[in-house]
Amino acid sequence: MPSLEEPPTVIPDPAPVSEGERVLTELREQIRRYVVLPSEEAFTAVTLWVAATHLQTAWQHAPRLAVVGPAKRCGKSRLLDVITESVHDPLITVNASAAAVFRSITDTPPTLLVDEADTLFGSVKVAEKNEEMRGLLNAGHQRNRPTLRVSGPNHEVAKFPTFAMAALAGIGDLPDTIMDRSIVIRMRRRRLGEKVAEFRTFRDTPVLHALRDRFAAWLAPLHADAMELTPTMPVEDRAADTWQPLVSVADLAGGQWPDLARTACRVMAKHEAEHDQDSSSLGIRLLADIRRAFATEGNPPALRTGRLLDILNQDDETPWPEHTANGLTPRGLQILLKEYGISSATRRFHGGVQAKGFTRLQFADSWARYCPEPTPESTTGV
């Protein structure tokens, strides 16, 4: 009599895991050992950015990695340490001249790693001195944007390539033009209970170097494929240009990485767009609070910077006491007011005292444009 039993269910073998999936996952876990990042999307982004450095000559755009935080001891330099040991041909520098950097870039570019980037762009005066570096970092985001220099005994014009991926770590945001070309990682101090392993160069770099070599071995044969990729992107315009190399690497790896990459792209690009809007709103809030600060002091013709900051930072109903670990600082005030064309200057105050400060007249135009006083309702009878 024939058996009526159901035939056994055949469970298909799991899809094989590619080398790309394995090496990306292993690097992500190594990064997780040493630093606390603000989100899982940030871990995905940093991992894919490192991998993308091994195919720089395949990309049309060279995304920057902006590792920024509001204060010291947020893990920025530690993250840069880990990245340095796993990227393609690292060229790490602190406070290098633009001339030295562009002379180090070739047709097979290194990966630039700039620690303490706030020392290059942290104030208006310093940023002006390093305008050439900012220009180089902006130009190097896109292929075929060389810098021209006169060199040699015959004063001939020479072209120097600028195209290279770059990671920059520093306190506070970098110049807007660099941030706009960056995958932005906003670091935070670790909370009590958040533990990471100490990073020791001689002990810990062999594992990272092994991963670096595996990235090179995996990606080198895929160079032509990478050049032909036009991945579907969840964002547009400059954000798409910046994220495309990372998404392309994820597509080459397969598995879960294409979904992880697009989720990170969408979430982090949206966060930065909202941050830009918040910064604009924050500037308008600052203008209004400065007007109230002048009113608190009886609307004097000028107000010392120190006194203005004291008033702003003592008002718990405003965002200024928590703007950084030390509240709103002179540098933070300067950055927020820069887009309105307002800056402090040395002025003479009561008693012949000279100090940095602002005049009410400096703010008059911006107050009228961005936060005008409400027009009093007419009380005239009809």
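**Entry 1, the parallel sheet**

I began with the sheet in which five strands, paired in the parallel sense, form an open arrangement in the order β2-β3-β6-β1-β7. I noted that this is a predicted model, in which local features need pLDDT of at least 70 and side-chain atom pairs count only at pLDDT 80 or more, while totals for chains, interfaces and linings use all residues. Residues are numbered from 1 along each chain as its sequence is written, and side-chain values use heavy atoms, with hydrogens and water left out.

For the names, I kept in mind that helices (H or I, at least four residues) and strands (E, at least two) are DSSP runs, numbered from the N terminus, and that two strands pair if DSSP finds at least two bridges between them. At the edges of the five-strand sheet I found β2 (90-93) and β7 (182-186), each of which pairs on one side only. Neighbouring strands of this sheet are turned by 15° against each other on average, direction ignored; the axes behind such angles are lines fitted to C-alpha atoms (for helices over the stretch in contact), and the angles run from 0 to 180 degrees between N-to-C directions.

**Entry 2, the antiparallel sheet**

Next I looked up a second open sheet, in which three strands pair in the antiparallel sense in the order β8-β10-β9. Its edge strands are β8 (302-304) and β9 (345-348), each pairing on one side only, and the twist from one strand to the next averages 65°.

I traced β10 (residues 354-359) to β8, with which it pairs over three antiparallel bridges, and here Arg304 has Gly357 of β10 as its bridge partner. β10 also pairs with β9, again in the antiparallel sense, over four bridges, and Thr346 stands opposite Lys356 in β10. The hairpin of β9 and β10 has five residues between the strands, and in this hairpin Gly351 takes a positive phi near 85°.

I counted rings of Phe, Tyr and Trp (its six-membered ring) as a pair if their centres lie within 6.5 Å, with planes under 30 degrees apart taken as stacked, over 60 as edge-to-face and the rest as tilted. By this rule the count comes to seven aromatic pairs. I took up Phe294 and Trp367, whose ring centres are 6.1 Å apart and whose planes stand at 80°, so the pair is edge-to-face. This pair links distant parts of the chain, since Phe294 lies in helix α12 (residues 257-296) and Trp367 in helix α15 (residues 360-370), 73 residues apart. Phe294, Phe358, Phe363 and Trp367 form one aromatic cluster.

How much cover do Phe294 and Trp367 have, are they buried or exposed? Both are buried, where buried means under 20% relative accessible area, exposed over 50% and partly exposed in between (1.4 Å probe, protein chains only).

I located Arg212 in helix α9 (residues 201-219), and because its relative accessibility is 24%, Arg212 counts as partly exposed. Arg212 and Val23 are 189 residues apart in sequence, yet 9.1 Å apart in space, C-alpha to C-alpha.

Last, I checked Val150, which lies in strand β4 (residues 147-151) and counts as exposed because its relative accessibility is 53%.
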